[in-house]
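Please walk through this protein with me, step by step, with the sequence and the model side by side.

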Amino acid sequence: MKSHAVNAALAAAALLSAAGCGMREPDYDACGQINATEVIVSAESSGRIIRFSVTEGDRLKAGECAGQIDSVQTWLQKEELLSRKKSAEVKLVDIECQTRAQYARLENLRNELKRSRDLLEKDAGTQKQVDDLESEISVLEGQIAAAEQNYSQNNESVRAEMATLDVQIAQAGDKLRKCRIIAPVSGTVLEKYAEEGESVTSGRQLFKIADMDNLYVKAYFSSARLADLHVGNTVKVIPDDGTAKPAEYEGRVTWISDEAEFTPKNIQTRDERADLVYAVKVAVRNDGGLRLGMYAYVVI
């Protein structure tokens with residue numbers, strides 16, 4: 001209750017100040033405050049902040065690196081995993097190379113068998129020679145098949161080991177990326193909660209950033225005024241900046257509440273008899289003249 005009274009007093013003081021400066025209250029449909037979409041950036045890993053030079057008021061681009069958390073141990077872990085993967089890769093067997101000599105011998109035996117059969121048809125050879133060669137070929141084919149199966153099983157085991165290492169390497173890489181403090185959106189740093197040299201844990205708030213180029217007014221309309229308003233409509237936004245002729249901005253309605261609420265204590269409405277109002281968000285492009293918390297009038 002006390003905070004509501006203070007807000008109401010501040011709102012009244014702002015309006016009286018504007019009147020004292022010669023500003024005439026515009027014919028408005030709703031009144032609200034200028035806000036921005038704020039994002040609080042938190043640490044994604046634990047460790048000591050080794051670089052964090054941003055200050056309040058700095059402008060950052062989305063994806064820009066704002067600082068760095070100590071990542072030496074994670075980097076060493078990734079290097080160890082890469083080394084283990086190389087060691088595992090050496091265990092892979094080149095099956096074709098390993099069985100090349102056996103296949104060459106098999107080819108020779110098959111040629112011998114063909115000659116022996118030709119000689120047998122001409123009564124120049126014996127059946128025993130043919131049978132011996134057929135038996136030798138059969139044994140060799142079995143040996144080759146067994147060797148290939150053994151090599152294949154070995155390679156499958158090595159590849160499974162390498163796949164596990166690849167997952168662990170990717171996890172280490174992800175941890176390394178999370179050691180970088182990245183701005184998730186383009187905007188202005190509003191508050192900074194940590195300093196370079198501090199040790200932080202994952203989830204610790206580091207700074208708050210907001211897009212100061214694209215702001216919005218959260219205004220409150222009575223049900224009578226809401227009838228003429230729809231999402232996507234263009235409206236006029238007039239900031240209460242204390243000047244006699246404040247600038248006018250074009251705004252666009254982006255959201256209209258489905259439920260009515262009691263009029264906030266620090267907000268004036270066109271119809272003072274209206275106890276229930278509907279919250280509406282109006283997006284407005286900032287040219288540098290708008291400030292967070294500034295009161296603004298909305299005209300349909």
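This is a predicted model: local features need pLDDT of at least 70, side-chain atom pairs count only at pLDDT 80 or more; totals for chains, interfaces and linings use all residues.

Residues are numbered from 1 along each chain as its sequence is written, and side-chain values use heavy atoms, with hydrogens and water left out.

Which residue forms a salt bridge with Arg110? The partner is Glu141, and the closest N and O atoms of the pair are 2.6 Å apart; a salt bridge here is a side-chain nitrogen of Lys or Arg within 4 Å of a carboxyl oxygen of Asp or Glu. This pair links distant parts of the chain, since Glu141 lies in helix H4 and Arg110 in helix H3 (residues 95-121), 31 residues apart. Helices (H or I, at least four residues) and strands (E, at least two) are DSSP runs, numbered from the N terminus. Glu141 is itself partly exposed, with a relative accessible area of 35%. Side chains of opposite charge can pair when their charged atoms come close.

The closest N and O atoms of Glu112 and Arg115 are 2.6 Å apart. Glu112 is partly exposed at a relative accessible area of 36%, and Arg115 counts as partly exposed at 45%.

Helix H4 (residues 127-178) holds Lys178, and the side chain of Lys178 meets that of Asp174 in a salt bridge with an N to O distance of 3.2 Å. Because Asp174 and Lys178 are 4 residues apart in helix H4, they are separated by about one helical turn. Asp174 is partly exposed, with a relative accessible area of 30%, and Lys178 counts as partly exposed at 30% relative accessibility. A search of the whole structure finds 16 salt bridges, and Glu38, Glu191 and Lys208 are linked in a network of them.

Lys178 also leads us to other parts of the chain. Leaving aside residues up to four places away in sequence, Lys178 touches Glu44 and Ser45, where contact means heavy atoms within 4.5 Å. Lys178 and Gln68 are 110 residues apart in sequence, but 9.0 Å apart in space, C-alpha to C-alpha. Ser46 and Lys178 are 132 residues apart in sequence and 9.5 Å apart in space, again from C-alpha to C-alpha.

Where does Ser46 sit? Ser46 is in the loop between E2 and strand E3 (47-51), and it is partly exposed, with a relative accessible area of 47%. Not counting residues up to four places away in sequence, Ser46 touches Ile69, Val200, Thr201 and Ser202. The side chain of Ser46 reaches the backbone nitrogen of Ser202 at 3.0 Å.

E4 is joined by 2 bridges to strand E7 (residues 187-192), and the two run antiparallel. Leu60 has Gly187 in E7 as its bridge partner.

How many disulfides does a search of the whole structure find? The search finds 0 disulfides, a disulfide being a pair of cysteine sulfur atoms within 2.5 Å. Cys31 counts as buried at 6% relative accessibility, whereas Cys97 is partly exposed, with a relative accessible area of 39%.

Finally, consider the chain as a whole. The protein chain has 5 helices and 15 strands, and 33% of its 300 residues count as buried. Among contacts between residues at least 6 apart in sequence, 77% join residues at least 24 apart.

Conventions. Two strands pair if DSSP finds at least two bridges between them. Buried means under 20% relative accessible area, exposed over 50%, partly exposed in between (1.4 Å probe, protein chains only). A polar contact is a pair of N or O atoms within 3.5 Å; within protein, one must be able to donate a hydrogen and the other to accept it, and residues adjacent in sequence count only if both atoms are side-chain atoms.
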